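Subject: Structure for your review

Dear colleague,

Please find below the structure that I would like to hand over to you. My notes on what was found in it follow directly after it.

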Protein chains: 2
Amino acid sequence: MRAVVMEAPGRIVIEDIDAPKVLDPTDAVIELAATCICGSDLWPFRGAQPVDHQYMGHEYIGEVVETGPAVKKVAPGDFVVGSFCISCGECEICRAGYPSRCPVAAAAGDPFIGARSNGTQAEFARVPFADGTLVKTPAPPSPELIPHLLAASDVLGTGWFAADSAGAGPGTTIVVIGDGAVGLGAIIGAKQLGAERIIAMSRHPQRQALAREFGATDIVEERGEAGVARVREMTGGYGAHGAVEAVGNETAFQQALGCVRPGGHLGFVGVPHGVSLDMGQMFGAEVHIFGGPAPVREYLPQMIDLIYKGEIFPGKVFDKVLPLADAAEGYAAMDQRSATKVLLTV
Amino acid sequence: MRAVVMEAPGRIVIEDIDAPKVLDPTDAVIELAATCICGSDLWPFRGAQPVDHQYMGHEYIGEVVETGPAVKKVAPGDFVVGSFCISCGECEICRAGYPSRCPVAAAAGDPFIGARSNGTQAEFARVPFADGTLVKTPAPPSPELIPHLLAASDVLGTGWFAADSAGAGPGTTIVVIGDGAVGLGAIIGAKQLGAERIIAMSRHPQRQALAREFGATDIVEERGEAGVARVREMTGGYGAHGAVEAVGNETAFQQALGCVRPGGHLGFVGVPHGVSLDMGQMFGAEVHIFGGPAPVREYLPQMIDLIYKGEIFPGKVFDKVLPLADAAEGYAAMDQRSATKVLLTV
């Protein structure tokens, strides 16, 4: 089968390798229906994170083709959506709603999909702890649903978690920093959680349009201190109830922190690169901070339900579709920001 | 009247100054029944924070002797407990439960008691925004209640807020780092909030005894990595549900963070000095973080009620009592850790 490999920063190739098989009793192997490129894949692509012949991809939907003897909840023929974080689904941490930090999966060496396999930018993928990681869809999806379900696998789930961590709820004003696919997903999440006002910080016309379509009530083009001042002005001087940080750099963090009122919440899901927070500043800000790898599995049932009901259309974040064989072109497009998010057909 | 002044690090003197008067319509002037020295007063005392002829003290209880024309909720003759944070009690931030960051008080130049007056290590004190800052007790207190009410003014309230921020609740295990008066107050708070297991990290025999009396179920003497390992071992390898950081230095922060399970909570109330958190580490830890100046006013009604009912005895943190005139001796005792907390009679 074919699989995408990042040989070195900026160098994407397609390899022909053996298809994965069930290795552990809790494994499932799925045949990908579609996969995609993540914003976080750009960190190693740009050389901001070390990489050496790495199989890529952690977003996936597809049909189960083989299961280990201990798998009870999914079976060959089932269509499934999975999370990039592997989770047993049974330990205290999973049951408390944080499957993204399942210690059982971590102890087995499988905290993230791809850690011991070929990733999901491939024709087939092995999913460890299938019962705790995959969610079966109510029916095989129509082709129109494929992009939406694929978005749920990471960007929507991650954005939703960020909106939840930012305290989105009835009557709240939520600011979203980062107009990439995760930030756009956060807008859907914030709206579903009941936020009254959703302020998207973006200068990109197409992304602004999608942000509005997803539920943003306001757009702020200013950045940094000017952006913070604008948000404070829009919120009676208090600041927003919560902010989503979906970038991962120092500027975005400070912008997010500056937008939140005392007692408010900052949810961060951009993988931080070189960001440190002065706790004296945090003490003075008195803002709740929470983030990390999103427990997407926790939100999947609700997201799948909304997608099947036609209430949310998160797949609109895919503005470029390419065959798996042209993955390199997809990486380049996202790197150059000519595409927000690239779907790869398998 | 007499007032305590820190002239320079390590130099405490008593000055004779004019008693404060009502300046603004929302002011009250109170006659102190007792006051005390805070652990945070030691930062400037030790030269870790600049200080130049500063009036000291921010913990206070006493009788109202004068009120401005706009004060409606307290009147001369009332016995009151106040918070060190001044709050209007009416803005969105106060109503949301964060009076410690009231923007109305801050705009008027009065975020903390003492900012525009002589502090509360004195015979009289001016309290701005009296209606939003002071809480009237149900009756004039008996002498036995004085230390307990005084503790509520800061250390108990701050500890309670920290326990709340650490997610203390039924079924939870909470670790308390810092065995000073605030840490001990956090144990009372955690117990009242329903924590099932309270682990106090302390090597000090008298403080360990008081920690147990206040509700600690376990004592851990190990520090740093060994302390973290011990807590993890005691919590099935997961870590505690929450930790209170009541010290304010890097070591204590890292110890607190290491003790908390993914998805858990870290409440910090030690004023951070030179602490910065790497957000990459935080992303991996996936722990909620919240702290700052405690919104003590929010917890005062409940704390006062429990004190009058004889259910909590937070005043036991005072292990030295001195007259105001001997404040210098009190500072020295706390600096040398021969006293946990010093009450000053007025």
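Which residues in helix 9 of chain A meet which residues in helix 10 of chain A? Before the reply, please keep in mind that this is a predicted model.

**Helices 9 and 10 of chain A**

On the side of helix 9 of chain A, the residues are Gly224(A), Val228(A), Val231(A) and Arg232(A). Their counterparts in helix 10 of chain A are Gln255(A), Gly258(A) and Cys259(A). Sorted by class, this contact has three nonpolar, three polar and one charged residues.

Helix 9 covers residues 224-234 and helix 10 covers residues 250-259; their axes lie 9 Å apart and the packing angle is about 20°. Because angles under 35 degrees count as roughly parallel, helix 9 of chain A is roughly parallel to helix 10 of chain A. The crossing of helix 9 and helix 10 of chain A is right-handed.

**Helices 7 and 8 of chain A**

Helix 7 (residues 181-192) and helix 8 (residues 205-214) of chain A pack at about 20°, and their axes are 9 Å apart. Helix 7 and helix 8 of chain A are therefore roughly parallel to each other. Helix 7 of chain A passes helix 8 of chain A in a right-handed crossing.

The contact brings Leu184(A), Ile187(A), Ile188(A) and Lys191(A) of helix 7 against Arg207(A), Leu210(A), Ala211(A) and Phe214(A) of helix 8. By class, it has six nonpolar, no polar and two charged residues.

**Helices 6 and 12 of chain A**

How are helix 6 and helix 12 of chain A oriented, parallel or perpendicular to each other? The axes of helix 6 (residues 155-165) and helix 12 (residues 296-308) of chain A cross at roughly 110° and come within 9 Å. Helix 6 and helix 12 of chain A are therefore roughly perpendicular to each other.

From helix 6 of chain A, the contact involves Leu156(A), Gly157(A), Thr158(A), Trp160(A), Phe161(A) and Asp164(A). Helix 12 of chain A contributes Val296(A), Tyr299(A), Gln302(A), Met303(A) and Leu306(A). In terms of class, there are seven nonpolar, three polar and one charged residues in this contact.

In general, the strands of a sheet pair through backbone hydrogen bonds, and the pairing may be parallel or antiparallel. In chain A, three strands form an open sheet in the order 2-1-4, with antiparallel pairing. Strand 2 (11-16) and strand 4 (54-55) of chain A are the edge strands, since each pairs on one side only. Strand 1 (residues 2-8) of chain A is joined to strand 4 of chain A by two bridges. Val5(A) has Tyr55(A) in strand 4 of chain A as its bridge partner. Helix 13 (residues 327-335) of chain A lies across strand 1 and strand 2 of chain A, and it runs at about 155° to strand 2 of chain A.

In chain B, three strands likewise form an open antiparallel sheet in the order 2-1-4. Two bridges pair strand 1 (residues 2-8) of chain B with strand 4 of chain B in the antiparallel sense, and the bridge partner of Val5(B) in strand 4 of chain B is Tyr55(B).

Glu15(B) is placed in strand 2 (residues 11-16) of chain B. Leaving aside residues up to four places away in sequence, Glu15(B) touches Met1(B), Arg2(B), Ala3(B), Val5(B), His53(B) and Tyr55(B). Arg2(B) is 13 residues from Glu15(B) along the chain, and the C-alpha atoms of these two residues are separated by 5.5 Å.

**Strands 3, 16 and 17 of chain A**

Strand 3 (residues 28-36) and strand 17 (residues 342-345) of chain A pair in the antiparallel sense over three bridges. Strand 16 (residues 320-323) of chain A pairs with strand 17 of chain A in the parallel sense over four bridges. Within strand 17 of chain A, Thr345(A) is the bridge partner of Ala34(A) and also of Pro323(A).

**The two chains together**

What rotation superposes chain A on chain B? It is a rotation of 180° with 0.0 Å of shift along its axis, and the RMSD is 0.0 Å. That is the relation of a two-fold axis. Of the interface residues of chain A, 100% are also interface residues in chain B, so the copies meet through the same surface.

With kind regards

Definitions and conventions. Residues are numbered from 1 along each chain as its sequence is written. Chains are lettered from A and ligands numbered from 1 in the order in which they are written. This is a predicted model: local features need pLDDT of at least 70, side-chain atom pairs count only at pLDDT 80 or more; totals for chains, interfaces and linings use all residues. Side-chain values use heavy atoms; hydrogens and water are left out. Axes are lines fitted to C-alpha atoms, for helices over the stretch in contact, and angles run from 0 to 180 degrees between N-to-C directions. Angles under 35 degrees count as roughly parallel, over 145 as roughly antiparallel, 65 to 115 as roughly perpendicular and the rest as oblique. A crossing is left-handed if the near helix is turned anticlockwise from the far one by less than a right angle, and right-handed if clockwise. Contact means heavy atoms within 4.5 Å. Ala, Val, Leu, Ile, Met, Phe, Trp, Tyr, Cys and Pro count as nonpolar, Asp, Glu, Lys and Arg as charged, and the others, Gly among them, as polar. Two strands pair if DSSP finds at least two bridges between them. Copies are superposed by least squares on the C-alpha atoms of residues with pLDDT of at least 70 in both.
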